[in-house]
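Here is a short tour of the salt bridges in this structure. Have the coordinates open as you read, and follow the pairs along.

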Amino acid sequence: MLAPMPEPACGAPTRGGAPCRYPAGRCPHEGHARHREGRAGRDPAPASAPPAEPLRAVRERDLRALGWWLIEQTLAGRVSPPEASAVNRMMHTLQQLGPDSEAGERALREVALRGLLMHGVPPRTPEEWGHAAELFDDEALAEFRRWAEADGGAGADPEPD
C-alpha cells in the first residue's frame with residue numbers, strides 16, 4: 001500500500017529562482033503565502049487515491065503492467081513523484097534479479113512447445129495441450145488438432161474444447 005502523500009511543498013519562487021521546498025502550511029515567508037493564494041484559484045483539486053489496479057500486476061509478477069500503471073498514475077497526479085521513484089527502484093531491483101525458477105521453467109516449456117509446433121508437430125501430452133491452450137487461440141488449437149488427426153491420432157488433444 002502506498003504511504004499517504006506528504007504535505008505539498010510551498011512552491012513559491014525563491015530569490016534563487018528555485019521553488020520553495022517548505023511544506024505549504026509551514027512556510028515562514030509571507031510573500032509565499034500570497035503567491036500560493038493567487039495560485040490556488042488556478043490549481044486543480046488534489047487527486048484521489050490511486051485505484052487498486054496494481055494489485056493484479058503484483059500478484060501476477062507483471063512488471064510491465066505495473067510500470068504502465070505507475071506512469072499513468074504519476075502523470076494523472078495520483079501518485080507523487082517520490083512514491084513513483086520508490087516503486088520504480090523496486091521494479092528495477094526485481095528486474096535485475098532475473099527470472100525466478102518457476103518463470104524460467106515456464107519459458108523453457110514454452111520454447112519447447114513452440115519448437116515442436118514450428119516443425120509441424122502437435123502437442124504430444126495432456127500437459128503440452130494445456131500449455132498450448134494457455135498460449136494460443138481457438139483457431140490455432142483447431143489447427144493443431146487437425147495435425148494430430150492427420151498423424152493418425154497420436155498426441156491428439158485428450159479434451160478438445
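## Arg 56 and Glu 60

Let's begin with a pair in this predicted model: Arg 56 and Glu 60 form a salt bridge, and their closest N and O atoms lie 3.0 Å apart. How exposed is Arg 56? Its relative accessibility is 39%, so Arg 56 counts as partly exposed.

## A pair in helix α5

Next comes helix α5, which spans residues 101-118. Here Glu 110 makes a salt bridge with Arg 114, with 2.8 Å between the closest N and O atoms. The two residues sit 4 positions apart in the helix, which means that about one helical turn separates Glu 110 from Arg 114.

## A pair in helix α7

Helix α7 covers residues 138-150 and holds both Glu 143 and Arg 146. Their side chains meet in a salt bridge, with an N to O distance of 2.5 Å. Glu 143 and Arg 146 are 3 residues apart, so about one helical turn lies between them.

## The overall count

How many salt bridges does the model have in total? The count comes to 4, including the Arg 56–Glu 60 pair, the Glu 110–Arg 114 pair and the Arg 146–Glu 143 pair.

Terms used
Residues are numbered from 1 along each chain as its sequence is written. This is a predicted model: local features need pLDDT of at least 70, side-chain atom pairs count only at pLDDT 80 or more; totals for chains, interfaces and linings use all residues. Side-chain values use heavy atoms; hydrogens and water are left out. Buried means under 20% relative accessible area, exposed over 50%, partly exposed in between (1.4 Å probe, protein chains only).
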